[in-house]
Structure formats: C-alpha cells, structure tokens
Amino acid sequence: MLARHEDPIVAIATAPGRGAVGIVRVSGKNIAPVIQAVCGRSLQPRHATYLPFRDATGQIIDQGLAIHFPAPHSYTGEDVLELQAHGGPVVLQLLLARCLEAAASKEPATGGEQLPRLPKLRLAQPGEFTERAFLNDKIDLAQAEAIADLIDASTETAALSAARSMSGEFSVAIEALLDQLVHLRMLVEATLDFPEEDIDFLQKADAAGQLDRIRQTLAAVMQRAVQGAILREGIKVVIAGQPNAGKSSLLNALAGAELAIVTPIAGTTRDKVAQLIQIDGVPLHVVDTAGLRDALDEVEKIGVERAWAEIETANAVLFLHDLTRQALPDYQQADGQIRATLAAKLPRGTPVIDIWNKTDQMPTTERPGLAALTADGVAMSAKTGEGLPALRQRLLQVVGWQAAPEGVYMARERHVQALRRVAESLDTASQQLDAAQPALDLLAEDLRQAQGHLSEITGQFTPDDLLGEIFSKFCIGK
C-alpha cells in the first residue's frame, strides 16, 4: 500500500460529459517535468496562469488556466498541478494522455537542460487524491468521508451537515472525548503502576465523576451523529395496503408529482414505484407497492411478492386503509391478515403507521367517529392533501429525527456503531468503578477498548481493508 502511494497520479477531476470547464489533476513528488512539458514553462506557486496546453509536437491542445500547488500546501499534501481547460471529453482525454506521455519521456526544458524523469505516472484510482490527503495528515478519516458525503448530498440540510463534518466539527468533538478518556486512563494506569501507595488516586481525582461526564458528552455526540446518519442514508418508507386503498395517490401527494398511475381499477400497480423526496431536509426513499391480496394472475403475484420484499427492508411502513370500505367485514378481515403478516415479517421495532385514507369521501355525519379510529394513526385524503402535513411530521417522529439545536454532523453508520461500542465499554467501566472492590485491570482494559473504538472514527487506528472500502466509493479525480 505504501509503495503504491509513492507513484505520481493523474485523473480528470470533473464529472464525465460536456461542460464549460474541465479539470485534469496531477499529484506526486516533483512533477516539474509534467508542468514543463504541458505548459512550456514553470509556474508561480498558487497563481493561476493563462496559457496554451501543448502536445509533444508543440501543437496547441487547448488554452486555459494552470495552477501549481507545491507540497505540503496542497489538497493531497504533495505537489499538485491542476489544468483547467474547456470541458469537452475529447479535450480532457488529450490533456490526460499528454500528462502520461510527458512523464514517460525526457523532454528538454526551455534552454535545453534535461529535467529529472518522473517515476511512472499512472491513472488515479477512485478516491486516491483524498486518500493521499488522509495519509499525509491533511484531513482525518471522518473529514475524508464528509467530502464524499458533501458531493452525494441529496438535500440542503445534508449538504450543510456534511460541510460541518468536513470542516472538522465532528472530529473536534471526537478528539475532545479522546482527550478526556486518555486522562482518565492515565489515572487508572497510575493506580495500577503504584499499588503500594496508600493514596487512592481514583477517588481523589474524582474518577467516577470524570467517567460520568465522558458518558454524558458521548451521549450528546451520539445523538447528533445518529441524526447525521439519517441525513446521509435517508429513510426507506414503504406504502402498503390492499388494492385501491390509495397507495399510488399517496406517493403522488408526498412527491408533489404524478409519478404513479391512479385508476379505479384494482391492481393497477404491478411493480414498485420509488421516489426520493425530502421532509424538512431529511431524504425519504418512498416506495409504492402492489396491492396486497391473493393474486389473480401470474404478473400480479410477482408484484405482491416484490411488495413484501420491499416491506421487509423498510425503515417505516405506511399501512393504508380505505375509509369508504372500512365497515365491510371482508375488508376488515383482509386488513387483519395483512397486519398479522407485517408483525411476522418486519424486524422488531420497525414502525408501522396506520393511514386512514379518503376522508374527502366520508359523510359529514361520520367524521366525529374518526378520532377514535385514528388515535394512533393519521386520517387524511391523498386526493385533496388533507392531513398530509400531519403525516410528514409523524414520519419524522417515528424514525427518530430530532435535529439538534446546535446542528447535526454528517455521520455514517460505521461512526454510529463505533460510538455504540464506546458506550458499551464505558458502561462496563462504570460498573467496575462502582463495585465495592474495583478490578482496576479490567477497568483499564475497558477504557483502552473505548479509546480504540473512538480512534476508528478519525482513522488513527483503522485497518487497510476498511480504508480501501471507504475510498473506493469516491469518484475518480477526488
């Protein structure tokens, strides 16, 4: 892994396709030969220079801006060259090929002197520029992941949260926890190292109070991280119910667009229809499914099977009921069967929200009875939008969204899991400390494990295979 990161790398850093501007980025040690070959001159550090980019014969490929960032003051911590040209795919491929060609030859510089030959310049792998920034201590692992999350953000709230993590806000909170934990470990280790002393180091230093404060701080950080993970991953919401309950109408109402076909004919939806929407900046992956019943033909049977497959992986289920048919015994029996199957198939704790649809078709005389029927659900009309705001807020409530007043970190599921492992280790440490005869060696081990789990978040102790998994999901050129 270390040898691979000695090679200079090059890639197109802008998205594929046509655009006004495209960027080719080079990073590595001593990239002066590439600068000289492509630009025909040396560049003033960190100044944009407008000039022609030339091929090996001196022909102009394009004209644009060239910027040289000498190490260590660059994104990667290495020498970096950025060539900003017109954003045509052919132009950028020509520039990319020119950089690779220049590195492979000993072309004379202006005045005839020979520039040192570069190690073999190669194409960058996905995320390799950011990986080098991490390896060269320009950013930590949480900040590196936040860069990818900022690029992938699907809502404004998610983008702002990713920017907070990218600037180091999440990392600062983790480092503060680490400092407190290291200080407490020092006290415990001192007690272990000097057992002959009569001084009760831990009691005098209020070790129990320190541990309690660490746990309180951890809980606050975890709460913000959990919200950040919801922002990043989004929430999968599946709409389920009998045919013609209004599932497709509800999807259209939530999305604010006619995405699914709506007809009075039962069984119109044969396959899932998915749409990404947002509620208060939280991304929701809403899935409309086929009506749940004994299928009448092979195609509908496949649709029902796919519906149950989507339901089993949902973060929340909207169980739709048709108020106009609610009094019919057959309808009630079918709803009961669906509810029993939901309880059997869904993972424990998955919320199911009862939606009583078609309030617009209810006689005025029957409306007073809605309160008892919808005590734990939401009464609404997918057609008119009545009750839709209440449904949106209920959705955020059941999935655990509670935006912290001071803002949310963009976090990933691995961060949340690491924080939970820290909490478990600290819980065990607290039990040891509260015992009549504390086992200090076990207490020290619990604190050591907690520190290790915290360090995984920022990448101080991270296995190479995890790094490969994280950076491989970046785009090439970043």
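# Questions on a predicted protein model

Me: What is the relative accessible area of N244?

Reply: A residue is called buried under 20% relative accessible area, exposed over 50% and partly exposed in between, with a 1.4 Å probe and protein chains only as cover. N244 is partly exposed, because its relative accessible area is 28%.

Me: What share of the 478 residues is buried?

Reply: This is a predicted model, in which local features need pLDDT of at least 70, side-chain atom pairs count only at pLDDT 80 or more, and totals for chains, interfaces and linings use all residues. Residues are numbered from 1 along each chain as its sequence is written, and side-chain values use heavy atoms, with hydrogens and water left out. Of the 478 residues in the protein, the buried share is 48%.

Me: How many helices and strands does the protein have?

Reply: Helices (H or I, at least four residues) and strands (E, at least two) are DSSP runs, numbered from the N terminus. By this reading, the secondary structure of the protein comes to 16 helices and 12 strands.

Me: Where does N244 lie, and what is its phi?

Reply: N244 belongs to the loop that lies between strand 7 and helix 9 (247-255). Although N244 is not a glycine, its phi is positive, at about 65 degrees.

Me: What is the phi of R46?

Reply: R46 lies in the loop between helix 1 (32-39) and strand 3 (49-54). With 46% relative accessibility, R46 counts as partly exposed. It is a residue other than glycine with a positive phi, near 60 degrees.

Me: Which residue of strand 2 is the bridge partner of A11?

Reply: Two strands pair if DSSP finds at least two bridges between them. Strand 1 and strand 2 (residues 19-28) run antiparallel and are joined by 4 bridges. They form a hairpin with 6 residues between them, and G17 in the turn has a positive phi of about 115 degrees. In strand 2, A11 has as its bridge partner R25.

Me: Which residue of strand 6 is the bridge partner of V10?

Reply: Strand 6 (residues 122-123) runs parallel to strand 1, with 2 bridges joining them. In strand 6, V10 has as its bridge partner L123.

Me: At what distance from the ring centre of F129 does R25 lie?

Reply: A charge sits over a ring if NZ of Lys or CZ of Arg is within 6 Å of the ring centre and within 35 degrees of the ring normal. R25 lies over the face of F129, and its distance from the ring centre is 5.5 Å.

Me: Over which ring does the charged end of K345 sit?

Reply: The charged end of K345 is placed 5.8 Å from the centre of a ring. That ring belongs to W308.

Me: Which strands stand at the edges of the open sheet of 6 strands?

Reply: The sheet has mixed pairing and the order 8-9-7-10-11-12. Each edge strand has a single partner strand, so one side of each is left without a neighbour in the sheet; these are strand 8 (273-279) and strand 12 (378-379).

Me: What angle does helix 8 make with strand 9?

Reply: Strand 7 (residues 235-241) and strand 10 (residues 316-322) run parallel, joined by 5 bridges. Helix 8 (residues 207-233) packs on the sheet, touching strand 7 and strand 9 (282-288). Axes are lines fitted to C-alpha atoms, for helices over the stretch in contact, and angles run from 0 to 180 degrees between N-to-C directions. The direction of helix 8 makes with that of strand 9 an angle of about 50 degrees.

Me: Which residues does E312 contact beyond its neighbours within four places in sequence?

Reply: E312 lies in helix 10 and is partly exposed, with a relative accessible area of 34%. Contact means heavy atoms within 4.5 Å. Leaving aside neighbours within four places in sequence, E312 is in contact with K345, L346 and P347.

Me: Is H453 buried or exposed, and which residues does it contact?

Reply: H453 is found in helix 15 (residues 440-458). H453 counts as buried, because its relative accessibility is 16%. Apart from neighbours within four places in sequence, H453 is in contact with A418, R421, V422 and S425.
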